[in-house]
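Here are my notes on the charged pairs, as promised. Have the model open while you read.

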Amino acid sequence: MERTLSIIKPDATRRNLTGKINAKFEHAGLRIVAQKRIQLTRAQAGAFYAVHEERPFYDELCEFMASEPVVVQVLEGDNAIARNREVMGATNPKDAEPGTVRAEFAESVGENSVHGSDSPETARAEIAFFFSGLELVG
């Protein structure tokens, strides 16, 4: 079993899409083993996305992620990282396969409804950023 971090971003929580998005994850065989709705501060968003600090979109991304509540969660399953990324779809919703979260719900490349870890190492660090071991119940 593998675990990955998933974030339902402000554009999706604002439109009350949490349940629809989670249904896609669960339908794909992923199990939600931790979940909470939080409001990130600009500093927290900056710390989480620090790996992108030198990129031109960093400030806009941090402002967006702190603009409204997000749902952070841990998904578990066989090949959870790859499966989650498949369910999410391409970052640019125009390139996302039909039926994926981003194809159905993303408003733009920047407001693309979801985030998911891209590797086991990243998943461990991202999960630890938001959750203590006591909060992971699977």
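The points below go through the salt bridges.

1. First, keep in mind that this is a predicted model. Searching the whole structure turns up eleven salt bridges; I pick out a few here.

2. Start with Arg3 and Glu76, which form a salt bridge whose closest N and O atoms sit 2.8 Å apart. The two come from distant parts of the chain: Arg3 belongs to strand S1 (residues 2-8) and Glu76 to strand S3 (residues 70-77), 73 residues apart. Buried or exposed, what is Glu76? Glu76 is buried, because its relative accessible area of 12% falls under the 20% cut-off. Arg3, at 29%, is partly exposed.

3. Next, have a look at Arg15 and Glu107, whose side chains meet in a salt bridge at 3.4 Å, N to O. Arg15 lies in the loop between helix H1 (10-14) and helix H2 (18-27), while Glu107 lies in the loop between helix H6 (101-105) and strand S4 (114-116), so this pair ties together parts that are 92 residues apart in sequence. Arg15 is partly exposed at 30% relative accessibility, and Glu107 counts as partly exposed at 41%.

4. Then there's Arg42 with Asp59, a salt bridge with its closest N and O atoms 2.9 Å apart. Asp59 is partly exposed, with a relative accessible area of 48%, and Arg42 is partly exposed at 30%.

Definitions and conventions:
Residues numbered from 1 in each chain as written. Predicted model: local features only at pLDDT ≥ 70, side-chain atom pairs only at ≥ 80, totals over all residues. Heavy atoms only, no water. Salt bridge = Lys/Arg side-chain N within 4 Å of Asp/Glu carboxyl O. Helix = DSSP H or I, 4+ residues; strand = E, 2+ residues; numbered from the N terminus. Buried < 20%, exposed > 50% of the residue type's maximum accessible area, 1.4 Å probe, protein only.
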